[in-house]
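Subject: Structure handover

Hi,

Here is the structure I promised to pass on. My notes on it follow below.

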Amino acid sequence: MKKQNKITVIAIFIMVSLLVTGCALGQKTDTKKSVDAGTWIQSQKVAEADNKAHDMKYKIDVIIRDQKKVKAAIEEYNLSGKGNVIGELDNDNLEFCMAKYSATYPDTFPQKTFGITDVAVTFEIVSMTGGDIEVDDTVYKNLKTTWEIGDLPQGYDFHAGDTYHGEIVFVMVKDYKDYLIHQVSEDDEDSDQTYIKGE
(Lines give C-alpha, C1' and ligand atoms only; values in the text may rest on other atoms or scores of the structure.)
Protein backbone atom coordinates (compact mmCIF):
# COMPACT_ATOMS: atom_id res chain seq x y z
CA MET A 1 0.00 0.00 0.00
CA LYS A 2 1.30 3.45 -0.90
CA LYS A 3 2.07 5.95 1.86
CA GLN A 4 -0.76 8.26 0.71
CA ASN A 5 -3.27 5.42 0.91
CA LYS A 6 -2.09 4.52 4.41
CA ILE A 7 -2.61 8.11 5.54
CA THR A 8 -6.11 8.10 4.01
CA VAL A 9 -7.02 4.86 5.80
CA ILE A 10 -5.75 6.21 9.14
CA ALA A 11 -7.67 9.46 8.63
CA ILE A 12 -10.89 7.57 7.90
CA PHE A 13 -10.36 5.36 10.97
CA ILE A 14 -9.89 8.40 13.19
CA MET A 15 -13.03 10.05 11.78
CA VAL A 16 -15.11 6.90 12.38
CA SER A 17 -13.69 6.58 15.89
CA LEU A 18 -14.66 10.16 16.66
CA LEU A 19 -18.17 9.59 15.34
CA VAL A 20 -18.62 6.48 17.47
CA THR A 21 -17.25 8.28 20.52
CA GLY A 22 -19.53 11.23 19.85
CA CYS A 23 -22.59 8.95 19.71
CA ALA A 24 -21.61 7.30 22.96
CA LEU A 25 -21.11 10.65 24.65
CA GLY A 26 -24.42 11.85 23.27
CA GLN A 27 -26.21 8.89 24.82
CA LYS A 28 -24.62 9.58 28.19
CA THR A 29 -25.54 13.25 28.17
CA ASP A 30 -29.15 13.05 26.97
CA THR A 31 -31.35 15.28 29.11
CA LYS A 32 -33.95 13.34 31.09
CA LYS A 33 -37.60 14.00 30.39
CA SER A 34 -39.05 15.89 33.33
CA VAL A 35 -42.23 17.48 34.63
CA ASP A 36 -42.89 20.56 36.73
CA ALA A 37 -43.54 20.44 40.45
CA GLY A 38 -47.26 19.99 41.09
CA THR A 39 -47.65 17.23 38.49
CA TRP A 40 -49.14 13.95 39.73
CA ILE A 41 -46.94 10.97 38.87
CA GLN A 42 -48.26 7.42 38.69
CA SER A 43 -45.88 5.10 40.48
CA GLN A 44 -45.65 1.99 42.64
CA LYS A 45 -44.74 1.23 46.23
CA VAL A 46 -44.01 -2.11 47.88
CA ALA A 47 -46.75 -2.87 50.42
CA GLU A 48 -45.87 -4.13 53.87
CA ALA A 49 -48.89 -6.44 53.73
CA ASP A 50 -47.66 -8.67 50.87
CA ASN A 51 -44.18 -7.38 49.98
CA LYS A 52 -45.30 -6.68 46.41
CA ALA A 53 -45.37 -3.46 44.40
CA HIS A 54 -48.76 -1.79 43.99
CA ASP A 55 -49.99 1.35 42.27
CA MET A 56 -49.94 4.70 44.05
CA LYS A 57 -49.24 8.27 42.98
CA TYR A 58 -47.21 11.20 44.24
CA LYS A 59 -46.32 14.78 43.39
CA ILE A 60 -43.77 17.32 44.51
CA ASP A 61 -45.94 20.14 45.86
CA VAL A 62 -43.32 22.83 46.35
CA ILE A 63 -39.55 23.28 46.50
CA ILE A 64 -38.34 25.68 49.18
CA ARG A 65 -34.98 27.42 49.06
CA ASP A 66 -35.73 30.22 51.52
CA GLN A 67 -32.89 29.55 53.98
CA LYS A 68 -34.77 30.87 57.00
CA LYS A 69 -37.64 28.42 56.40
CA VAL A 70 -35.36 25.50 55.53
CA LYS A 71 -33.13 25.96 58.56
CA ALA A 72 -36.16 26.24 60.84
CA ALA A 73 -37.56 22.96 59.49
CA ILE A 74 -34.22 21.19 59.96
CA GLU A 75 -33.86 22.52 63.50
CA GLU A 76 -37.37 21.33 64.38
CA TYR A 77 -36.60 17.89 62.93
CA ASN A 78 -33.28 17.60 64.77
CA LEU A 79 -34.94 18.48 68.07
CA SER A 80 -37.79 16.02 67.50
CA GLY A 81 -35.61 12.92 67.83
CA LYS A 82 -37.37 11.33 64.83
CA GLY A 83 -34.13 10.23 63.18
CA ASN A 84 -30.47 11.00 62.66
CA VAL A 85 -29.47 14.61 63.19
CA ILE A 86 -28.86 16.57 60.00
CA GLY A 87 -25.50 18.31 60.52
CA GLU A 88 -24.11 21.60 59.26
CA LEU A 89 -22.62 21.95 55.79
CA ASP A 90 -18.88 22.49 55.54
CA ASN A 91 -18.89 23.88 51.99
CA ASP A 92 -19.81 27.55 51.45
CA ASN A 93 -20.94 26.78 47.89
CA LEU A 94 -23.76 24.53 49.12
CA GLU A 95 -27.07 25.07 50.90
CA PHE A 96 -29.89 22.95 52.26
CA CYS A 97 -33.16 22.92 50.32
CA MET A 98 -36.53 21.38 51.11
CA ALA A 99 -39.34 19.87 49.09
CA LYS A 100 -42.87 19.08 50.24
CA TYR A 101 -44.70 16.24 48.52
CA SER A 102 -47.95 14.31 48.59
CA ALA A 103 -48.24 10.53 48.21
CA THR A 104 -51.69 9.02 47.76
CA TYR A 105 -52.41 5.35 48.37
CA PRO A 106 -55.65 4.13 46.73
CA ASP A 107 -58.42 2.27 48.53
CA THR A 108 -57.18 -0.96 46.93
CA PHE A 109 -53.65 -0.67 48.37
CA PRO A 110 -52.96 -3.72 50.63
CA GLN A 111 -52.66 -2.95 54.33
CA LYS A 112 -52.23 -4.72 57.62
CA THR A 113 -54.58 -4.44 60.58
CA PHE A 114 -52.68 -1.37 61.78
CA GLY A 115 -52.89 0.25 58.35
CA ILE A 116 -49.84 1.44 56.41
CA THR A 117 -46.69 2.88 57.97
CA ASP A 118 -44.16 2.71 55.11
CA VAL A 119 -45.59 5.67 53.20
CA ALA A 120 -42.57 7.87 52.49
CA VAL A 121 -41.31 8.10 48.93
CA THR A 122 -37.54 7.84 48.59
CA PHE A 123 -36.03 10.47 46.32
CA GLU A 124 -32.60 11.29 44.97
CA ILE A 125 -31.17 14.44 43.40
CA VAL A 126 -29.46 14.16 40.02
CA SER A 127 -28.28 16.33 37.14
CA MET A 128 -30.36 17.05 34.05
CA THR A 129 -28.80 13.94 32.50
CA GLY A 130 -29.34 11.73 35.55
CA GLY A 131 -25.79 11.86 36.89
CA ASP A 132 -23.75 13.89 39.35
CA ILE A 133 -24.25 17.64 39.62
CA GLU A 134 -21.53 19.59 37.80
CA VAL A 135 -21.21 23.36 38.14
CA ASP A 136 -18.34 25.46 36.74
CA ASP A 137 -16.18 22.37 36.10
CA THR A 138 -16.69 21.15 39.67
CA VAL A 139 -18.39 17.76 40.05
CA TYR A 140 -20.35 17.31 43.29
CA LYS A 141 -20.40 13.59 44.01
CA ASN A 142 -22.48 13.48 47.18
CA LEU A 143 -25.63 15.46 46.41
CA LYS A 144 -27.96 12.55 45.62
CA THR A 145 -29.01 11.93 49.21
CA THR A 146 -32.31 13.22 50.60
CA TRP A 147 -33.59 13.10 54.18
CA GLU A 148 -37.24 12.47 55.03
CA ILE A 149 -38.33 14.85 57.80
CA GLY A 150 -42.10 14.47 57.55
CA ASP A 151 -44.40 13.13 60.27
CA LEU A 152 -44.49 9.44 59.40
CA PRO A 153 -47.47 7.36 60.59
CA GLN A 154 -46.88 5.17 63.61
CA GLY A 155 -49.68 2.67 63.11
CA TYR A 156 -53.49 2.87 63.10
CA ASP A 157 -53.23 6.46 61.85
CA PHE A 158 -52.84 5.93 58.08
CA HIS A 159 -54.89 3.64 55.84
CA ALA A 160 -55.51 2.84 52.18
CA GLY A 161 -57.21 5.84 50.59
CA ASP A 162 -55.20 8.35 52.63
CA THR A 163 -52.61 10.86 51.41
CA TYR A 164 -49.26 11.28 53.15
CA HIS A 165 -47.82 14.80 53.19
CA GLY A 166 -44.07 14.36 53.35
CA GLU A 167 -41.05 16.62 53.44
CA ILE A 168 -37.51 15.98 52.26
CA VAL A 169 -34.30 17.93 52.79
CA PHE A 170 -31.48 17.87 50.27
CA VAL A 171 -28.28 19.76 49.46
CA MET A 172 -27.76 21.85 46.34
CA VAL A 173 -25.22 24.31 44.97
CA LYS A 174 -26.30 27.84 45.85
CA ASP A 175 -28.43 29.53 43.18
CA TYR A 176 -28.22 26.44 40.94
CA LYS A 177 -31.49 25.18 39.46
CA ASP A 178 -30.49 22.72 36.73
CA TYR A 179 -31.17 19.58 38.73
CA LEU A 180 -33.88 16.93 38.88
CA ILE A 181 -35.70 15.16 41.69
CA HIS A 182 -36.10 11.47 41.00
CA GLN A 183 -37.92 8.69 42.83
CA VAL A 184 -35.56 5.87 43.75
CA SER A 185 -36.98 2.73 42.17
CA GLU A 186 -37.76 -0.14 44.53
CA ASP A 187 -37.42 -2.79 41.82
CA ASP A 188 -34.15 -1.59 40.20
CA GLU A 189 -35.98 -0.79 36.97
CA ASP A 190 -35.47 2.82 36.00
CA SER A 191 -36.68 2.98 32.39
CA ASP A 192 -40.14 4.41 33.10
CA GLN A 193 -39.23 6.67 35.99
CA THR A 194 -40.28 10.31 35.87
CA TYR A 195 -38.06 13.24 36.85
CA ILE A 196 -39.21 16.49 38.42
CA LYS A 197 -37.57 19.79 37.56
CA GLY A 198 -35.70 21.56 40.29
CA GLU A 199 -36.21 25.18 41.27
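Start with the loop between β2 (41-46) and β3, which holds N51. This is a predicted model, and the backbone angle there deserves a look. Phi of N51 is near 60°, a positive value in a residue that is not glycine. N51 is exposed, at a relative accessible area of 63%.

D137 sits between β6 (133-135) and β7 (138-140). Its phi is near 70°, again positive in a residue other than glycine. D137 counts as exposed too, with 73% relative accessibility.

Next, helix α2. It runs over residues 67-80, 14 residues in total. From first C-alpha to last it reaches 20 Å, close to the 20 Å expected at 1.5 Å a residue.

Both ends of α2 have something to show. After α2 comes G81, with a positive phi near 75°.

Which residues of α2 are buried? They are V70, A73, I74 and Y77. These four lie on the same side of α2, because they cover an arc of only 95° around the axis.

What covers the buried residues of α2? The cover includes β3 (53-64), β4 (94-104), β8 (146-148) and β9 (163-173).

The largest nonpolar core has 45 residues. Y101, I133, F170, M172, V173 and I181 touch the most other members. Several elements each supply at least two residues of this core: β3, α2, β4, β5 (123-127), β6, β9 and β10 (179-183). In general, nonpolar side chains tend to be buried together in soluble globular proteins.

If you want a place to begin, take I181, one of the residues that touch the most other core members. Then turn to the buried side of α2, with V70, A73, I74 and Y77.

Best wishes

How values were computed. Residues numbered from 1 in each chain as written. Predicted model: local features only at pLDDT ≥ 70, side-chain atom pairs only at ≥ 80, totals over all residues. Heavy atoms only, no water. Expected span 1.5 Å × (residues − 1). Buried < 20%, exposed > 50% of the residue type's maximum accessible area, 1.4 Å probe, protein only. Arc of directions from axis to C-beta. Contact = heavy atoms within 4.5 Å. Core = buried A, V, L, I, M, F, W, Y, C linked by side-chain atoms within 4.5 Å.
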